[in-house]
Amino acid sequence: MKAKALALVLLTAALLSSACSSASNNAGSNVTTTAPPVFENVSVHDPSIIESDGTYYVFGSHLASAKSSDLMAWTQISTSVSDDNPLIPGVKEELAETFAWAETDTLWAADVIQLEDGKYYMYYNACRGDSPLSAMGVAVSDNIEGPYRNLGIMLKSGMVGEAGADREIYDATVHPNVVDPDVFYDKDGQLWMVYGSYSGGIFILKMDPKTGFPLPDQGYGKKLLGGNHSRIEGPYMLYSPDTEYYYLFLSYGGLTADGGYNMRVARSKNPDGPFVDAEDKPMEEAMGAFGTVFDDASYAPYGAKLMGSYAFQPAEGETDGSEYGYVSPGHNSAYYDEKTKRYYLIFHARFPNLGEQHEVRVHQMFFNEEGWPVVAPYRYGGEKIANYAKADITGEYKFVNHNKEITADIQQSAVITLAEDGAVTGSVSGTWKLSDDHTATITIDGATYKGVFLRQYDETGERQTMTFSAMSGEGITIWGSRIVSP
């Protein structure tokens, strides 16, 4: 479910030093001398991205929003549900019916899309939090930064002993909690909305592109996965013209620092499924056992896992002694840039030893040989994937295995070596191979991981280094960051 503490939004002004640059092709070089980019950080929980006139915007919970021209330096636009919020001025009155139904004074994960009339539609939602008593509606504006005018509620959930949108008595184990919307066009121009959190699962509806509301006679729509109070939420859809698949991104677990939030993905040739994971398991089976609440063990095996809590630990010989990592990263959106042909994953993350403080992060994303996304280990800093030689790759790495668990444990890095003879030694053993200039194939303990090598900026050490990100046929992701000696 979504974060409620508005004060957390104000904790995020620091961490300016960082960066990344174009990949270098200098064989055997650990460090490039290109100037690092500048990162400016903001807090938007559950960030949903949209590009408008060359500017990227993220909208999220608590009516927070931010913008950037380069996906690195962000400027906060709004922070909290208050009557002086520029997105919806006088929001308490404007959305009074929503707040009254959901018995809350805040809003959850918003999504903004530009429809065919050229106007911007904000899909807002509110939830009581300890139950699926929720309302979802839409507001419209001529300007992406607002002000938005309420058009009304489209869905409600959580009613007791009363019929829901499908005219059946609402049952939280099978019917959705109407939050976490993502409205998108498919490749043929049909408008859809995927949504849902915990409770009865993730659902999808066909939408009317002229009104912004669901087309009639669909009830809550088609169920894609989840149910029986499984901790699965934050659905987001991305179509890849390269693989011709629809990718459904999801967050499993709880969003707090001890909640084990982690990001997963499934895919289908159709926007309304059926979706499968990397092992070709049907995602409609991903749900808690009947009669259970938060039965993580039942659905943890489903969905290819992109990232969970992790920490790159300082290695012996490194001049910088700081760890780098995320805690409970999740509730992502994703973006494909048609001009540059690049893919990005946008999410919020907490950090080791910083409690509930959270910030927006953007990582570049690639598709491996099997058509599954792999996420670059470090935040996006302008890097471009390039042609690498074997000498660029060999060396010692900090290694993280994200596994398939839903756990509050932070995966700590260990040291491995990618040797010149193709051997992997150290904390794990196996083989590695570079092909097609940057394609990575790494076999460890009998499992083969496919992905990419990518030179990135390590902001903790303020230096360029080689990384890898690869996924196995089981949907497990591994990362590596080469250790740079002084």
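Does D83 count as exposed, buried or partly exposed, and at what relative accessibility? At 46% relative accessibility, D83 counts as partly exposed. Buried here means under 20% relative accessible area, exposed over 50%, and partly exposed in between, with a 1.4 Å probe and protein chains only.

This is a predicted model, in which local features need pLDDT of at least 70 and side-chain atom pairs count only at pLDDT 80 or more, while totals for chains, interfaces and linings use all residues. Residues are numbered from 1 along each chain as its sequence is written, and side-chain values use heavy atoms, leaving out hydrogens and water.

1. **Negative patch.** D83 sits in the loop between β4 (74-78) and α1 (91-94). Helices (H or I, at least four residues) and strands (E, at least two) are DSSP runs, numbered from the N terminus. D83, D84, E93 and E94 gather on the surface in a patch of negative charge. Patch members have over 30% relative accessible area and no salt bridge; like charges are joined within 9 Å, and nonpolar side chains (Val, Leu, Ile, Met, Phe, Trp, Tyr) within 5 Å.

2. E233 belongs to strand β13 (residues 232-240). E233 is buried, at a relative accessible area of 0%. Its side chain makes a polar contact of 2.6 Å with that of S197. A polar contact is a pair of N or O atoms within 3.5 Å; within protein, one must be able to donate a hydrogen and the other to accept it, and residues adjacent in sequence count only if both atoms are side-chain atoms.

3. **K210 and E116.** The structure holds 17 salt bridges. The criterion is a side-chain nitrogen of Lys or Arg within 4 Å of a carboxyl oxygen of Asp or Glu. One of them pairs K210 with E116, the closest N and O atoms being 3.7 Å apart. K210 lies in the loop between β11 (202-207) and β12 (222-225) and E116 in the loop between β5 (111-114) and β6 (120-127), so the bridge ties together parts 94 residues apart in sequence. K210 is exposed at 63% relative accessibility; E116 is exposed at 52%.

4. **K281 and D277.** K281 forms a salt bridge with D277, with the closest N and O atoms 2.8 Å apart. D277 counts as buried at 2% relative accessibility.

5. **K450 and E369.** These side chains meet in a salt bridge (3.9 Å, N to O). The pair links distant parts of the chain, 81 residues apart: K450 is in strand β28 (residues 447-458), E369 in the loop between β20 (359-367) and β21 (373-375). K450 is partly exposed at 22%, and E369 is partly exposed at 47%.

How values were computed:
Areas by Shrake-Rupley, 256 points an atom, 1.4 Å probe, with all protein chains shown as cover. Lys, Arg positive; Asp, Glu negative; His and termini not counted. Charge placed at Lys NZ, Arg CZ, Asp CG, Glu CD.
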